[in-house]
Amino acid sequence: MGVCISRRNDELYQPREYKEDSEIPFAPDGNAPLICDCVERVKGTSGPFRGLKCVRKTIITPSGEDSSSQDDKKRKLIQEAKILHYARHHHVIRLIHTYFEKGNEEEIKFAVIMDRADGNLHEYLKPGKTPSKRWFGCLIGVIHHIHTLGIRHRDIKPSNILIKDQQVLLADFGISQMGLGKTMPTTNLQRSSQRTREYCAPEVDEGRTRGRSADIFSLGAVFLEMLVAHTYSDGYKELGEVLKTSSSQTSSYAKNILEIHEWIHGNLHPVDWQANILSSCQRMLHLDRSQRPVAEELASIWSSFSASGECMACNCESVAAMTEDNKLVEACTRGSKDDVERLLKAGADPNTISAIHHAAARGSRAIVQALLDGGTNVDAPNPVGQTALHCAARNGHEDVIKLLLKNGANVNAKDENEQTALHGAAGQGCESIINVLLEGNAEVDTEDLDGDTAFHFAARRDHSDVLDLLERH
């Protein structure tokens with residue numbers, strides 16, 4: 001039998017383990033269940049899953065030489081499913097089940113079961129189909145949602161934007177894309193990475209880390225294609241030709257970004273709502289990642305479109321049930337101290353992932369204090385490894401930073417990109433916050449995965465006063 005683990009809503013990402021194929025409560029569905037080399041259509045065959053039409057993504061990674069290595073790899077695989085779970089939203093594909101399949105000792109086989117969609121956005125970019133106008137606002141809304149949670153998607157492209165009942169659903173949050181191993185070779189075709197390279201940001205194409213601004217670039221590329229498909233029937237083919245480099249003939253926004261902007265200026269002359277979208281696309285596709293708009297700004301712009309009568313903002317309603325822990329995160333996001341205190345008294349977990357991070361990012365000192373008083377771990381990481389100190393530093397909340405440091409926060413804690421709070425503060429040009437962090441023994445020379453220090457972050461955004469401050473220190 002599989003290992004019995006509670007299936008509460010907040011534990012969906014906790015996998016079971018099945019020792020035999022006969023124990024797995026899913027089976028291939030249809031004569032041609034394969035969608036791509038690692039994803040297949042399945043149906044539920046037993047228990048609470050009976051009759052469900054789903055998709056299964058299978059990831060295989062070498063097991064490692066010892067048990068500690070195996071445990072570490074399993075934790076990383078579970079972390080990816082956890083990110084999908086914590087990103088839940090009415091425009092994110094629904095996570096249904098996860099499990100490990102007992103196979104040979106040389107590999108770890110991990111499966112993620114998700115809701116099945118009708119198709120993906122790529123199909124709506126072809127002649128004969130038109131993407132819905134409201135999908136722009138829906139996608140901005142969900143990207144704003146995950147970025148607020150500290151989650152980066154890492155692989156935004158049309159094939160990862162699913163369509164079900166005429167609703168867009170974001171899928172595949174970089175699962176199996178982080179050096180965890182290989183996806184299951186269920187077909188002889190090699191997994192294509194050209195599509196990912198086509199939409200990735202210039203800094204990602206150069207091998208640098210994938211930040212939230214990289215998501216914005218990729219979304220801008222998708223939006224441009226949606227706009228062209230919606231409005232310019234002949235433009236989609238022309239755009240495809242511009243995307244191909246003269247040397248390799250491989251489609252790439254990153255390698256041809258200057259040509260893309262020239263093509264936009266010379267060929268696209270939209271009016272009304274199309275002009276508003278194109279203006280945003282051009283900013284989202286900026287070569288310099290520091291010049292791209294953040295998701296919150298885009299969400300605000302889309303709301304203004306709606307206010308002017310253009311109905312561009314997402315007005316889709318969520319039907320997901322809210323747990324007490326969900327409500328705690330939502331209350332922290334809104335900045336409602338009374339609701340946070342009420343929920344904590346009602347039994348909400350003070351260590352709910354992202355709760356203190358939302359409060360710190362918002363600058364809600366009273367809520368951060370209430371969470372700490374309730375037993376929150378001051379250095380608890382969010383899904384991308386950021387602590388509350390990271391969030392407060394990146395958003396310029398000096399009083400929250402002082403509170404966190406007073407409560408023992410690790411000033412040199414690193415996120416998944418090995419960046420510290422000082423990196424974020426330097427990038428934002430927050431001199432007073434940098435002083436507080438330095439007084440708390442922040443290490444100036446700490447390098448992130450790209451080899452960048454706080455100096456590089458400040459220099460990239462021309463914060464000369466911050467550079468002087470760091471040099472003096």
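User: Leaving aside neighbours within four places in sequence, which residues is F100 in contact with?

Analyst: Note at the outset that this is a predicted model. F100 is in contact with P15, R16, E17, Y18, K74, L77, I78, I108, K109 and F110, once neighbours within four places in sequence are set aside.

User: In which element does F100 lie, and is F100 buried or exposed?

Analyst: F100 lies in strand 5. Residues under 20% relative accessible area are called buried. F100 has 7% relative accessibility, so F100 counts as buried.

User: What separates the C-alpha atoms of F100 and F110?

Analyst: The separation is 4.6 Å, although F100 and F110 are 10 residues apart along the chain.

User: How do strand 5 and strand 6 run, and how many bridges join them?

Analyst: Start with the general idea. Strands of a sheet pair through backbone hydrogen bonds, in either a parallel or an antiparallel sense. Here strand 5 (residues 95-101) and strand 6 run antiparallel, joined by 6 bridges. The two form a hairpin with 5 residues between them. L95 stands opposite M114 in strand 6.

User: Which sense of pairing do strand 4 and strand 6 show?

Analyst: Antiparallel, over 9 bridges, with strand 4 covering residues 53-62. There, R56 stands opposite I113 of strand 6.

User: Why is strand 6 described as largely enclosed by the rest of the structure?

Analyst: Count its buried residues. In strand 6 (residues 107-115), 8 of the 9 residues are buried, so the strand is largely enclosed by the rest of the structure.

User: What is the strand order in the open sheet of 3 strands?

Analyst: The order is 7-8-9, and the pairing is antiparallel. An edge strand pairs on one side only; here the edges are strand 7 (119-120) and strand 9 (167-170). Strand 8 (residues 161-164) pairs with strand 9 over 4 bridges.

User: Which helix lies across strand 8 and strand 9?

Analyst: Helix 2 (residues 135-148) does, running at about 30° to strand 9.

User: At what angle do the axes of helix 15 and helix 17 cross?

Analyst: First the rule: angles under 35 degrees count as roughly parallel. The axes of helix 15 (residues 398-406) and helix 17 (residues 431-439) cross at roughly 10° and come within 10 Å. The two helices are therefore roughly parallel to each other.

User: Which residues meet there?

Analyst: E398, I401, K402 and L405 in helix 15 meet S432, I433, V436 and L437 in helix 17. The residues of this contact divide into 5 nonpolar, 1 polar and 2 charged.

User: Where is T387 found, and is T387 buried or exposed?

Analyst: T387 is in the loop between helix 13 (365-373) and helix 14 (388-394). T387 has a relative accessible area of 3%, so T387 is buried. Not counting residues up to four places away in sequence, T387 touches H357, D379, A380 and A413.

Notes
Residues are numbered from 1 along each chain as its sequence is written. This is a predicted model: local features need pLDDT of at least 70, side-chain atom pairs count only at pLDDT 80 or more; totals for chains, interfaces and linings use all residues. Side-chain values use heavy atoms; hydrogens and water are left out. Axes are lines fitted to C-alpha atoms, for helices over the stretch in contact, and angles run from 0 to 180 degrees between N-to-C directions. Angles under 35 degrees count as roughly parallel, over 145 as roughly antiparallel, 65 to 115 as roughly perpendicular and the rest as oblique. Contact means heavy atoms within 4.5 Å. Ala, Val, Leu, Ile, Met, Phe, Trp, Tyr, Cys and Pro count as nonpolar, Asp, Glu, Lys and Arg as charged, and the others, Gly among them, as polar. Buried means under 20% relative accessible area, exposed over 50%, partly exposed in between (1.4 Å probe, protein chains only). Two strands pair if DSSP finds at least two bridges between them.
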